[in-house]
Amino acid sequence: MFKKMFTLLIAVLFVVPFVVAADDFDDDFGGDFEEEGEDAEEEEEEAPAKKKKNEEQSESDAAMKDLMGDPEDEKPAKEEKEDESEEADAEAAAPAKDGKAPAGKTFNGVKPVLLVKGGFTVFGSYKENGKSLSTMFGSLDEGIVGVEYLGKHVIAKGTLNIRTNYAFLDNGANPLAKVNHHSIQNGAANALYEVYGGVKFYDVFIKAGKLIPEYGLVDTWQNLGMGFTTPFLTKSLIAVEGFLPETDAGLALGYNGIIKKDHNVFVGLSLGTGANASEFWESDRTLGLYGRVGYGFKEYVKAAFAFQYRNDYYSGKKLDHIGIGVHINVAAKGFEMPITFDYGMMKMVKDQTARKSTTSMLLSLAPGYAYHFNHEWIDKVGLALRYDLVQGVYLDGSADYLDWRNYRSNSMVMRIGVTANFFTKELAGIRGMAGLTFLMQPESKVDKKDINGDGKTKDFGFTTIALQAGAEF
């Protein structure tokens with residue numbers, strides 16, 4: 001059966017174009033060989049046949065446009081005069097600006113996914129076992145590659161994150177950040193980022209597989225943005241620090257549509273297998289529930305309220321995590337201000353018989369300004385600041401992330417940074433950037449009272465100055 005279908009597909013791909021070309025040839029040149037003096041009755045008999053052929057050709061062209069990615073109107077246009085219709089078709093067929101469909105239209109078809117961003121630390125230092133060590137290393141902070149298909153009613157996506165391990169995570173004190181950092185160096189299965197399929201109708205979607213949780217604006221960080229590189233800065237802090245899985249295997253459903261051209265409303269809910277650091281992950285003993293409600297107005301503002309519920313098991317005990325978040329991104333006249341706030345309430349194991357309730361808080365601000373140029377290939381120059389505040393700190397990155405003795409909910413760390421980058425205009429749908437980033441996490445007291453009696457009282461700080469570059473499709 002497969003061979004028959006494959007043979008039929010080959011026939012369609014190769015035979016149909018020749019048949020259509022033959023029809024076009026006959027239409028264009030057949031009139032020279034027709035006998036003069038044909039009566040009007042014969043022309044009237046040919047009219048219905050030509051009309052039917054044009055309708056079939058129109059349906060075929062529409063199907064091809066859906067496959068190859070031509071923008072499609074959200075609502076069917078009214079019948080217009082022939083010359084106005086031709087102008088509208090030409091406008092719709094023109095390449096979409098900045099990789100997006102024109103206003104009031106949605107992009108359909110096959111689309112490659114590419115986001116590559118890396119850097120090289122030219123100067124830096126970090127602490128390890130009380131010693132100050134210098135840093136000079138390179139890393140691929142993001143390497144998301146794959147393909148995406150958006151049809152009228154079918155959606156599918158398959159991507160890998162081929163980034164490398166990162167020294168500030170490997171030498172840090174957060175065990176979740178290490179496990180939650182998907183890298184090709186940790187195995188092919190760990191590099192699987194988003195692999196899912198599903199359906200959509202009237203802007204309602206249902207998809208299943210391995211995907212980004214429906215939570216806040218986490219999915220909007222997959223772009224060059226203002227150009228920060230390190231994994232602390234490329235994505236929402238909630239995913240980098242590990243309190244939200246980068247991707248989760250399960251089912252997602254929701255609505256994401258444009259109302260009156262300018263207003264974007266999105267609601268989502270996803271069910272997954274829970275924290276990917278769980279020893280029972282991929283089993284029926286873990287659960288992740290994520291949801292969001294959001295609104296956006298053109299490119300000026302996008303905001304979402306998010307929540308998550310996860311449970312995990314450790315030493316035979318069920319441990320819950322409840323989190324809420326508020327994510328906002330405001331942009332106008334070159335200025336941009338992303339705001340991320342998340343608060344978590346968790347349970348950890350205190351000893352073999354008791355559980356302990358803990359909390360966490362994450363705050364991230366990244367104000368920036370971009371100056372646009374009227375240049376042949378330079379698009380803009382951007383400058384952005386970064387401030388991160390993390391309340392709830394681990395002491396030992398090699399210990400279990402569910403062990404309360406390794407966690408201090410009343411301690412905090414802070415990160416500050418600045419980045420300057422220039423961005424290129426799109427060429428064949430690809431744009432790039434390059435620049436310089438300074439980032440510092442000051443060393444701070446974590447366990448001043450040393451309640452464990454183990455002498456671990458400090459979190460590891462670091463400083464880095466890095467050169468960076470990236471590209472996206």
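Guide: Before we look at this predicted model, one term is needed: helices and strands here are DSSP runs, numbered from the N terminus, with at least two residues in a strand.

Visitor: Which strands each supply at least two residues of the nonpolar patch?

Guide: The patch covers about 960 Å² of the surface, and among its residues are Val 199, Phe 201, Leu 251, Leu 253, Phe 305, Phe 307, Ile 324 and Val 326. Several strands share in building this patch, and those that each give at least two residues are β7 (192–201), β9 (248–259), β12 (301–314) and β13 (317–332).

Visitor: Is Phe 201 buried, partly exposed or exposed?

Guide: Phe 201 lies in strand β7 and is one of the residues that make up the nonpolar patch. A residue is called buried under 20% relative accessible area and exposed over 50%, with partly exposed in between. Because the relative accessibility of Phe 201 is 40%, this residue counts as partly exposed.

Visitor: And is Gln 308 buried or exposed?

Guide: Gln 308 is placed in strand β12, and, apart from its neighbours within four places in sequence, its contacts include Tyr 215, Phe 243, Leu 289 and His 321. The relative accessibility of Gln 308 is 2%, and therefore this residue counts as buried.

Visitor: With which side chain does the side chain of Gln 308 make a polar contact?

Guide: Gln 308 belongs to strand β12, where its side chain is buried together with the rest of the residue, at 2% relative accessibility. At a distance of 2.8 Å, the side chain of Gln 308 makes a polar contact with the side chain of Arg 310.

Visitor: How many residues lie between β16 and β17 in their hairpin?

Guide: Strand β16 (residues 368–372) is joined to β14 (residues 335–349) by two bridges, in an antiparallel arrangement, and Phe 335 has Tyr 369 in β16 as its bridge partner. With strand β17 (residues 378–394), β16 pairs in the antiparallel sense over five bridges, and His 372 has Lys 380 in β17 as its bridge partner. β16 and β17 form a hairpin, and the number of residues between them is five.

Visitor: What share of the accessible surface belongs to carbon and sulfur atoms?

Guide: The accessible surface of the whole chain comes to about 26000 Å², and the share of this area that belongs to carbon and sulfur atoms is 60%.

Key
Residues are numbered from 1 along each chain as its sequence is written. This is a predicted model: local features need pLDDT of at least 70, side-chain atom pairs count only at pLDDT 80 or more; totals for chains, interfaces and linings use all residues. Side-chain values use heavy atoms; hydrogens and water are left out. Two strands pair if DSSP finds at least two bridges between them. Helices (H or I, at least four residues) and strands (E, at least two) are DSSP runs, numbered from the N terminus. Accessible areas come from the Shrake-Rupley method with a 1.4 Å probe; for residues, only the protein chains shown count as cover. Patches are made of residues with over 30% relative accessible area and no salt bridge: like charges are joined within 9 Å, nonpolar side chains (Val, Leu, Ile, Met, Phe, Trp, Tyr) within 5 Å. A salt bridge is a side-chain nitrogen of Lys or Arg within 4 Å of a carboxyl oxygen of Asp or Glu. Buried means under 20% relative accessible area, exposed over 50%, partly exposed in between (1.4 Å probe, protein chains only). A polar contact is a pair of N or O atoms within 3.5 Å; within protein, one must be able to donate a hydrogen and the other to accept it, and residues adjacent in sequence count only if both atoms are side-chain atoms. Contact means heavy atoms within 4.5 Å.
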